[in-house]
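I opened this notebook to keep track of what I looked up about the places where parts of one structure meet. The structure goes in first, and my entries follow.

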Amino acid sequence: MTVLAVEGLRKSFGGVLAVDGVSFAVEPGEMLALIGPNGAGKTTCFNMVGGQLRPDAGSVRLAGRDIGGVSPRRICRLGVGRTFQVTATFASMTARENVQVAAVAHRRGTWRPWRSAADLERPAAEALLDQVGLAAQAERAAGVLAYGDLKRLELAMALAAEPRLLLMDEPTAGMAAGERVALMRLVRGIATGRGLAVLFTEHDMDVVFGVSDRIAVLARGALIASGAPEAIRADPQVRAIYLGDGRTGGERPASGGRDC
Amino acid sequence: MLAVEGLNSFYGQAHILHGVGFAVGSGEVAVLLGRNGAGKSTTMKSLIGLVRPASGSVRFGNREVARMEPFRRAQLGLGYVPEERRIFAELTVMENLDVGRQPARDGLRPWTPERLFTLFPNLGAMRRRPGGRMSGGEQQMLTIARTLMGNPRFLLLDEPSEGLSPLIVEQMAAAIHALRQEGLSILLAEQNLHFAAEVATQAVILESGRVAWTGSMAALRADAGTHGRYLAV
Amino acid sequence: MLTRRGLFGTAAAGLAAPAIVRAEGNGPIRIGEVNSYTAAPAFTVPYRNGWQVAVDEINASGGVAGRKIEVLSRDDAGQPQTATQLAGELLNDAKVDLLAGGFLSNVGLAMSDFAARSNKLYVAGEPLTDALVWERGNPTCFRLRPSTYMQVAMMLPAAATLKATRWATVAPNYEYGQSAVKWFKTLLKARRPEVEFVADQLPALGKIDAGATVQALAGAKPDGIFNVLFGPDLTNFVRQGNTRGLFEGRDVVSVLTGEPEYLLPLGDETPEGWLVTGYPVGQVPAARVFEAAYQDRFKQAPRMGSVVGYTLLHSIAAGIARAGSTDTGKLITAFEGLPFDSPFGPAIYRAVDHQGTFGTFVGRTALKGSEGTMTDWQYVDGKDAQPSDAEVRALRR
Amino acid sequence: MGFLLVHALTGLAGASSLFLVASGLTVIFGVTRIVNFAHGSLTMLGAYVGWTVLTRLPRDPAWFALGVAGTAAALAALGALLEMGLLRRLYRSPELFQLLATFGVVLIVQDAALATWGPDDLTISRPPWLRAYVRIADERFPVYDLVLIAIGPAVLACLWLLFNRTRWGRLVRAATWDREMVGALGVDQRVLFTSVFALGAGLAGLAGALGLPAGSANLGIDLSVITEAFVVVVIGGLGSITGAYLASLLIGLLQAFGVVLIPKATLVLVFVVMAAVLVLRPNGLLGRGGAPTALAGTATPVRPPTRGMLLGWGLLLLAALAAPLVAGPYALSILTEAAVAVLFAASLHFVMGPGGMASFGHAAWFGIGAYAAGLSAQGLGVPMPGALLLAPLAAGVAAVLFGAFVVRLSGVYLAMLTLAFAQIVWAAAFQWVSVTGGDNGILGIWPPAWASGPAVVYLLALTLCAGGAAVLQRVLYSPFGYALRASRDSPLRAEAIGLDTRRIRLAAFAVAGAAAGLAGGVFTFVKGSVFPGFVSIPHSMDALVMVLLGGVQTMAGPVVGALAYTGLYDGLLRATAYWRLVLGAAIVLLVLAFPEGIAGAVQRRLRRA
């Protein structure tokens, strides 16, 4: 069954159309990359799926249920986890506590003012940190973690809610080249293993072409192409407005310098 | 032109840089490479003074600048372009440029908004637009243009390709080449190896706040071992 | 009339019963005094000067029954809870024999309540609230100054002769202002049933919007105005009223405005002909000696507060002398009906409600040079501005 | 019609006066993010300096204008000194710490002004041209008010040109957004900030001097001006000068007509308006959403208490329990007060530290608890235990009802909405004489005979207050406490993992309100009385000072702060007539010495060691 089906999504800010009639779908175990130039509307799309923004028109269906305009909190409860373009974690807590809070929230254990929180969901949190490669950092405060580690932490927190759909907005931004692919391969493995559907945006073409099953390309708020990585790579329109000749974006090895 | 020695910096209570040292010659484009948390951004911030180094020396030209306030370093000709862009969102493009304005410097052609608009044609079309209402790529152009208005001799570029679409990254590379032609020296911090390889002549690899390797970009390309040890996972 | 002999009269009275007081020790008699020295300095600084003059006079003439008087003074910061805290310190740590002071009504009430609980005498100087001797009257509490009710009642005979029948009132919006307006309305209506009240302005204390208030009062077209504003509010009100012509052709009755504390800041804008209570400094023959002594020491004329502080301490000395003891029970007995002198004339603490009959002056405001003053004044004795004893007893429960 | 016109003009004149003070405040806040509590004091000094200058000059209009300008310049210079000597050292501290420093300045200025100019209200004699009036629709209207009406927009226009048409203005606006970046671009932002603070102080001086012809220089100006100025700034939108002018117009006109229509309500009117505006527009009229307005500062990780810390607390508690064996009645009464202060401060810390919601009106809950206990005990004859139960209940319920509006906001706006509510409660307590006894308060609410000795009262207060504070601590280490910190650290993430951040913040607000209410109830029986002062702004400030002095981001902070402040206050009050000067100086020095609060500094030292 299709996990996420988006149809005719539309949103404008102060008269400027940011997203204009976008449709796509994600199946269980599938990774769909949403790419496009800066300002094309990718994050706006994300925020409408995640509930941070209410669509002006169109529908967002999660496993058949319309979630357009539903609050992020309820969307999370319906099984959607997400990471943000600018990482959002709890700076005053350790990495482990961050995941614990997410797990406790998922199990509806938040409203217990007497219980000590120290050991709640601890094994689950440690297992998740281990899975994303953060076990060594578990006792460090999120506020002092390196950016790439925060991205992993966000992933662990999102997974703590056992989602069926994972939204990742530029999941590898700020990470070193090698780490990027490694992180997304990890996600790839989890997606396949759990039947998790993943929708992500990304500027690193090594990552995009390396892990996604399908790619959708946005430009000026509209979907201009969608399909398998090879087809997208070959699409002249996509090359013209987004990919360029690929020397600096990672699509192929770098060539020599060039005159200006 | 820029010589760094024994730089130690803390971020809050965390010791980030452990005796970092390297040099960038006049007219060179050097790149700082390394994994997350290796200390690239902290190095950049220590060079402009947003992070006050606990010890060590930063010589710029023939001045010791490690203890100076950021604005004094900028007035001496160090230009800093932050990773997060830090555009003044309520100010228009022209106003953002005006904030960066500093007197012209001997031996360099002074930058004017018009000259910058030929370097970054997109900006010329939106002079009155508030910085907060520009796309990421446009903001990245603006933040570099704003720093150039200070007529720097030396440019510190912190992850200029971050979060930009491949096409814009290409334009960025072209702009850096153009700046080098103007006579600027440049230090980049980068994650994007392809981009770094495209624009840089020298490379400095940081690992856990220490310099692990320095050499020319060509040497780095040839040295698969170093490449694999420090830059891949 | 207060003569030089009268000035020292209280001390002389003390000599009459030396034996018992001496028996309680030879150290000084300690009076714990609490007041709002930082919160209301315009009144309390002259007040402190006043009681210092009195203390020096008493001690210079040998003290009370051979024991010196010592005043331990504290600043309550304008907070009743701080006042009682400090009163506790004075009682328990400094071992004072009785308590005195208070400027703000709430401080007075809190001190009274605290003193009653600690079974110590408390003599309030300035607090005006009626409750201090009526609804919340305590056996251990005496008050020197005329209360809010008395201030209004003292002006009433003159106010009732005014032609005005349409009255407007303006008062700071808290207990003092509200109760002054209430008494004025009640008492005036009782004498002249035909008067009507056409507007009530209740600006927030210290935050008057004077232009709007004056305009609103003028809009009601009254021919008489009853004012309870004082301090900075009064200055603002008078300046706007003068420019906008609010007071022209209207009778104005104004509580406390004749007191130098509030009259002097009005300067050359003092409106003429207002009916006020106050203190015509330099004009009262009985007060000349005191005024000269005060002027001599502080290089300025006394204020109302100076007289209150001065009289308060002399009345306390007189009471202790009469009691011949610092025992609270004996002090209460001695204070009930206690005669004492003041720069304004002789007075007593009434037995029925422990209210002093120390009076005040009722007169008209006038401009002398560039300073405000009072003319056509007369001294109104506090005993003549009281409800009947039966009414008072009913109020005191 | 004429009547309406004159009233509208009167309102406009009032609006100009308000705007002059508020413009300086909003300029300073907008750029430096300093919540300058001393702005009223600067205005007051403007009035006094203006008096000193103007009484020595000829009284014609040209000299008057020159004198006023000179006063503004003098205050600008003073503001520059204040910024360079004190505030400049605090830009790296959490934002509210600067408020604490300016609070110290308020205390210092109060005593300094009293010592310099004496206790009397000082007026300048008005020459005929200042007394002149024109006839408008048959009513006399002061010419000087017309002058004021013109000055407001003139100042607005000058400021607008300054900020939008000069390079200095562009730099300042850029610094408002990102001061560090402006420095990295080669601009000495210290000079920028000093000049901005000087401009704001100069405007305050201008306002003070221009107020003289209509009033006086007096010692009450500082506090009477500052709250309304804050209200205007918040209604207009923080940092927006045009917004401040619109808000001044709104308040000025509402005041003028409110005086006619609902004369009794003038005190609460502005606060009701502010509350309404903030409920409808959470960033004020022209405020922008994106600008950072957080107050709590950067959060550091909270570690569960170590064994050593628990031992320390235990020893402290034992010492507290043993106090009646050695302390006299007065010392016990101070300790009793300190116990109440600890719970009061701990309850504010609960919402302000872990909750990230700085409240400027925390005394509201203390006061509601106190009045609930006092009224029920005296009016309904409820015995003490019942009254002590009602106190937290009433405060908690009120906190829920009102908190529903509060938790939608953040930063200074949230703080000011709590202030508005506290002022409405205060006005009710102060003016609703028939129920609350007005400022005379409710008296004679003493504990029953079995609990009347100082030692019993102390132990009772200690049990309830230390117990209450311990409960608050316990809650902070529960899942709820973590969820609360999560909602503060990142509301975005908290919602995305399924936390209902509003409900969590509201619950925290209610818990803190109830705890403050309990402190108020206990205080009522300790003091035997309730007064409107319990709900006043200074009392809210006390709580803020205690929390900040101790350190917002440490769990021990409120306890340390409450003990330190209570001790300082009581000690100084008895020791010197200039206690405000000394207390203010002590606060300033503590702020400079411990920019993370006392407990924060100790904790840092322990961690380093």
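**Entry 1: two domains of chain C**

I began inside one chain: domain 1 of chain C and domain 2 of chain C bury about 2,100 Å² between them, with 59% of it on carbon and sulfur atoms. Buried area here is the accessible area, taken with a 1.4 Å probe, that two parts lose on being put together, summed over both.

Before going on I wrote down the ground rules. This is a predicted model, in which local features need pLDDT of at least 70 and side-chain atom pairs count only at pLDDT 80 or more, while totals for chains, interfaces and linings use all residues. Residues are numbered from 1 along each chain as its sequence is written, chains are lettered from A and ligands numbered from 1 in the order in which they are written, and side-chain values use heavy atoms, with hydrogens and water left out.

Next I looked up the bounds. Domain 1 of chain C covers 3–146 + 285–348, and domain 2 covers 149–281 + 360–396; such bounds come from an automatic or database domain assignment. The C-alpha centres of the two domains lie 29 Å apart. Each domain gives 25 residues to the contact, where contact means heavy atoms within 4.5 Å.

How many salt bridges cross between these two domains of chain C? The rule finds one, a salt bridge being a side-chain nitrogen of Lys or Arg within 4 Å of a carboxyl oxygen of Asp or Glu. I also found Glu259(C) in a salt bridge with Arg145(C), the closest N and O atoms being 2.6 Å apart.

**Entry 2: chain B and chain D**

I moved on to a pair of chains. The contact takes 24 residues from chain B and 21 residues from chain D. About 2,200 Å² is buried between chain B and chain D, 54% of it on carbon and sulfur atoms. I counted five salt bridges between chain B and chain D. Asp98(B) and Arg167(D) meet through their side chains in a salt bridge, at 3.8 Å from N to O.

**Entry 3: chain C and chain D**

The area buried between chain C and chain D is about 5,500 Å², and carbon and sulfur atoms give 52% of it. Which residues of chain C lose the most area to chain D? They are Gln85(C), Arg239(C) and Thr243(C), together 13% of what that side buries.

I noted seven salt bridges between chain C and chain D. Glu269(C) forms a salt bridge with Arg131(D), with 3.7 Å between the closest N and O atoms.
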